[in-house]
Amino acid sequence: MKILLVTGTTPFPSLIKRMCDIASKSEFLHLTIQTLSEIDIDLRNVDQLKFINGQRYWEEFDIIVCHGGAGTIFSLLNGKAKFIAVPNTDRGDSHQAEICEWLSAENLALSCSVDDLTLEIIYSEHLSEVERNFFQQSAFNVEELISYFI
């Protein structure tokens, strides 16, 4: 199974460590990590990219594990890739947790914490036949977006 881990532009060392721990226990998966952070990885089935080239590249992976950043989430929602969103609690604010709660509440994607993320959850979401709701992009309304988070 090919997994892409997307951390965005903000460091997310706890998720990188968790995913490398998961990768070290399975010879049947290959993990590609997108991060701007310098990481020292000594695993045959793990490689690193600084940047990714959007949706066409994402479709090469069986599943994506990503941070809860708005840019990544909304790009993924516009595509067809299966993904698991993990809020970056290493940050000083909680906006990613709020976005991940919204994803779960709207049945758009699976969301879990770093501590709850396991190989079993990744495999089950990859193999899942659960129908996720399709994200309907509408005209952007700043007031509605702000009121959702207030």
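Which residue is the bridge partner of His-67 in β5?

1. In β5, His-67 has Val-86 as its bridge partner. The model is a predicted one, in which local features need pLDDT of at least 70 and side-chain atom pairs count only at pLDDT 80 or more, while totals for chains, interfaces and linings use all residues. Residues are numbered from 1 along each chain as its sequence is written, and side-chain values use heavy atoms, with hydrogens and water left out.

2. Strands β4 (residues 63–67) and β5 (residues 83–86) run parallel and are joined by four bridges; strands count as paired if DSSP finds at least two bridges between them. Helices (H or I, at least four residues) and strands (E, at least two) are DSSP runs, numbered from the N terminus.

3. The six strands form an open sheet with parallel pairing, in the order β3-β2-β1-β4-β5-β6. At its edges stand β3 (46–49) and β6 (110–111), each with a single partner strand, so one side of each has no neighbour in the sheet.

4. Thr-7 lies in the loop between β1 (2–6) and α1 (13–24), and is buried, with a relative accessible area of 1% (buried means under 20%, with a 1.4 Å probe and protein chains only). Leaving aside neighbours within four places in sequence, Thr-7 is in contact (heavy atoms within 4.5 Å) with Phe-12, Ile-16, Gln-34, Thr-35 and His-67.

5. The side chain of Thr-7 reaches the backbone oxygen of Gln-34 at 2.9 Å.

Note on methods:
Buried < 20%, exposed > 50% of the residue type's maximum accessible area, 1.4 Å probe, protein only. Polar contact = N/O pair within 3.5 Å; in protein donor to acceptor, adjacent residues only side chain to side chain.
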